Amino acid sequence: MLNNPVLERHPEDEWRLAVPMAVTARMHRVLHTLADAVLPDSPRTETTLEDVTRHALVSLQYMPRSSARIFLLGMRLLNWSPLWRLRGLQPLTALPTAAARRHLLAATRSRWLPVRLLMYGPLGLFMSSYFDQDYVHRELDYDPVPFVAERIETRRRWIKGEAP
């Protein structure tokens with residue numbers, strides 16, 4: 001994700017990225033399955049699903065603990081959506097990716113607002129991480145580095161008291 005020396009954090013700001021939230025193997029599998037069903041098939045690398053899942057778990061560390069737990073509960077509910085939507089007896093983790101994708105797409109089109117809102121969690125968290133990957137930027141012919149570098153330089157000048 002934006003692996004560019006120009007954009008490295010200042011060594012004296014003492015900022016460190018949080019470690020991924022610890023979850024059970026079962027919850028990790030749920031997140032991995034949801035990421036696989038939500039993300040586009042291309043472009044992907046062999047580590048895309050793991051990278052996106054890890055980023056989701058890091059993001060959960062920045063939420064209040066109660067919000068993170070509610071988010072994870074929502075992901076468990078989505079995993080069992082075929083059962084409570086009366087569309088099947090197996091969770092998404094037991095289905096092929098294409099079937100899981102169809103179930104999640106149907107949830108986004110539900111006539112019940114809470115079911116549709118439940119989909120905002122994985123869509124927002126997984127897609128924001130996915131679209132921050134360098135290989136996705138290349139595929140989209142998108143280069144955010146010059147803009148971000150310019151904003152960093154503007155901030156440095158502003159801190160020094162110079163006109164931005």
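Where does Leu86 sit? Leu86 lies in the loop between helix H4 (81-84) and helix H5 (97-108); helices here are DSSP runs of H or I with at least four residues, strands are runs of E with at least two, and both are numbered from the N terminus.

**Ground rules.** This is a predicted model, in which local features need pLDDT of at least 70 and side-chain atom pairs count only at pLDDT 80 or more, while totals for chains, interfaces and linings use all residues. Residues are numbered from 1 along each chain as its sequence is written, and side-chain values use heavy atoms, with hydrogens and water left out.

**The overall picture.** Along the principal axes, its C-alpha atoms fill a box of roughly 65 × 35 × 30 Å. Of the 164 residues, 36% are buried (buried is under 20% relative accessible area, exposed is over 50%, and partly exposed is in between, with a 1.4 Å probe and protein chains only). Among contacts between residues at least 6 apart in sequence, 67% join residues at least 24 apart; a contact here means heavy atoms within 4.5 Å.

**How the helices cross.** Axes are lines fitted to C-alpha atoms, for helices over the stretch in contact, and angles run from 0 to 180 degrees between N-to-C directions.

| Helix pair | Axes come within | Crossing angle |
|---|---|---|
| H1 (residues 25-38) and H2 (residues 48-61) | 9 Å | roughly 120 degrees |
| H1 and H3 (residues 65-79) | 10 Å | roughly 70 degrees |
| H3 and H7 | 9 Å | roughly 110 degrees |

As for the labels, angles under 35 degrees count as roughly parallel, over 145 as roughly antiparallel, 65 to 115 as roughly perpendicular and the rest as oblique. Handedness has its own rule: a crossing is left-handed if the near helix is turned anticlockwise from the far one by less than a right angle, and right-handed if clockwise.

Take H1 and H2, whose axes cross at roughly 120 degrees. The two are therefore oblique to each other, and their crossing is right-handed. H1 brings His28, Leu31, His32, Ala35 and Asp36 to the contact, and H2 brings Leu49, Glu50, Val52, Thr53 and Leu57. By class, that contact has five nonpolar, three polar and two charged residues (Ala, Val, Leu, Ile, Met, Phe, Trp, Tyr, Cys and Pro count as nonpolar, Asp, Glu, Lys and Arg as charged, and the others, Gly among them, as polar).

H1 and H3 cross at roughly 70 degrees, which makes H1 roughly perpendicular to H3. H1 passes H3 in a left-handed crossing. Here the H1 side is Arg26, Met27, Val30, Leu31 and Leu34, facing Phe71, Leu72, Met75, Arg76, Leu78 and Asn79 of H3. These residues divide into eight nonpolar, one polar and two charged.

With H3 and H7 the angle is roughly 110 degrees, and that makes H3 roughly perpendicular to H7. Phe71, Met75 and Leu78 in H3 meet Gly121, Pro122 and Leu125 in H7. This contact has five nonpolar, one polar and no charged residues.

**Two buried polar spots.** Asp36 is found in H1 and counts as buried at 16% relative accessibility. Its side chain makes a polar contact of 2.7 Å with the side chain of Thr97. A polar contact is a pair of N or O atoms within 3.5 Å; within protein, one must be able to donate a hydrogen and the other to accept it, and residues adjacent in sequence count only if both atoms are side-chain atoms. Leaving aside neighbours within four places in sequence, Asp36 is in contact with Arg44, Leu49, Thr97 and Arg101.

Ser129, in helix H7 (residues 120-130), is buried at 0% relative accessibility. Not counting residues up to four places away in sequence, Ser129 touches Asp51, Val52 and His55, and a polar contact of 3.5 Å joins the side chains of Ser129 and His55.

Most residues other than glycine have a negative phi, and most peptide bonds are trans. Leu86 has phi near 60 degrees and is exposed at 74% relative accessibility. Asp141, in the loop between helix H8 (134-140) and helix H9 (145-160), has phi near 55 degrees and is exposed, with a relative accessible area of 74%. The peptide bond from Ser42 to Pro43 is cis, with omega near -5 degrees, and Pro43 sits in the loop between H1 and H2.
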